[in-house]
Amino acid sequence: MKHIISILIENEAGALSRVAGLFSARGYNIESLTVAVTEDPSLSRMTLVTRGSEDVIEQITKQLNKLIDVVKLIDLAESVHIERELMMVKIKTTGQSREEIRSMADIFRGKILDVTPTSYVVEMTGPSSKLDAFIAAIAPDSLIEVVRSGATGISRGEQGLHL
């Protein structure tokens, strides 16, 4: 099962390396990872996506909590949350396919960021499944490049990751 783990971590050199090292040393995979400073410049919020059984995820969270840089963490899969991912996709276009791609971007609520005589760059945000569906709807030989941020998430309601 996919788990989105949000971590408040001290904003210091080497903190990211220690988290990545923990995963690497135990043979766990990080599917995506985003890190940015919070409203408190001494803290960063790290969001990582991984997969595993409940036992594996429990082991990961216990090990993460032992790291000196980790202030607090939550597994968003344990509560109702909002998940989003950013994707930019560069698509080959010809005269006939240009309107089709524009229409498909509209249907998926994407935004065309760049237009050249032979390509479009489409920006899209949403759950990973929506982005996957957009990619699946595009002819594979039309895809030039796909860039994805990886999932990030936040708890719904008043519950949150804060001190």
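Trainee: Which residue follows H3, and what is its phi?
Mentor: Arg109 follows H3, and its phi is positive, near 60°. Helices (H or I, at least four residues) and strands (E, at least two) are DSSP runs, numbered from the N terminus. This is a predicted model, where local features need pLDDT of at least 70 and side-chain atom pairs count only at pLDDT 80 or more, while totals for chains, interfaces and linings use all residues. Residues are numbered from 1 along each chain as its sequence is written, and side-chain values use heavy atoms, with hydrogens and water left out.

Trainee: Which residues of H3 are buried?
Mentor: Buried means under 20% relative accessible area, exposed over 50%, and partly exposed is in between (1.4 Å probe, protein chains only). In helix H3 (residues 95-107), the buried ones are Ser97, Arg98, Ile101, Met104 and Ala105. They cover an arc of only 135° around the axis, which puts them on the same side of H3; the arc is that of the directions from the helix axis to the C-beta atoms. Gly95, Gln96, Glu99, Asp106 and Ile107 are exposed on the other side of H3.

Trainee: What do the buried residues of H3 pack against?
Mentor: Contact means heavy atoms within 4.5 Å. Those residues pack against strands S5 (81-92), S6 (111-116) and S7 (119-126), plus helix H4 (128-137).

Trainee: In what order do the four strands of the open sheet come?
Mentor: Two strands pair if DSSP finds at least two bridges between them. Here the order is S2-S3-S1-S4, with antiparallel pairing. S2 (32-37) and S4 (70-75) stand at the edges with a single partner strand each, so one side of each is left without a neighbour in the sheet.
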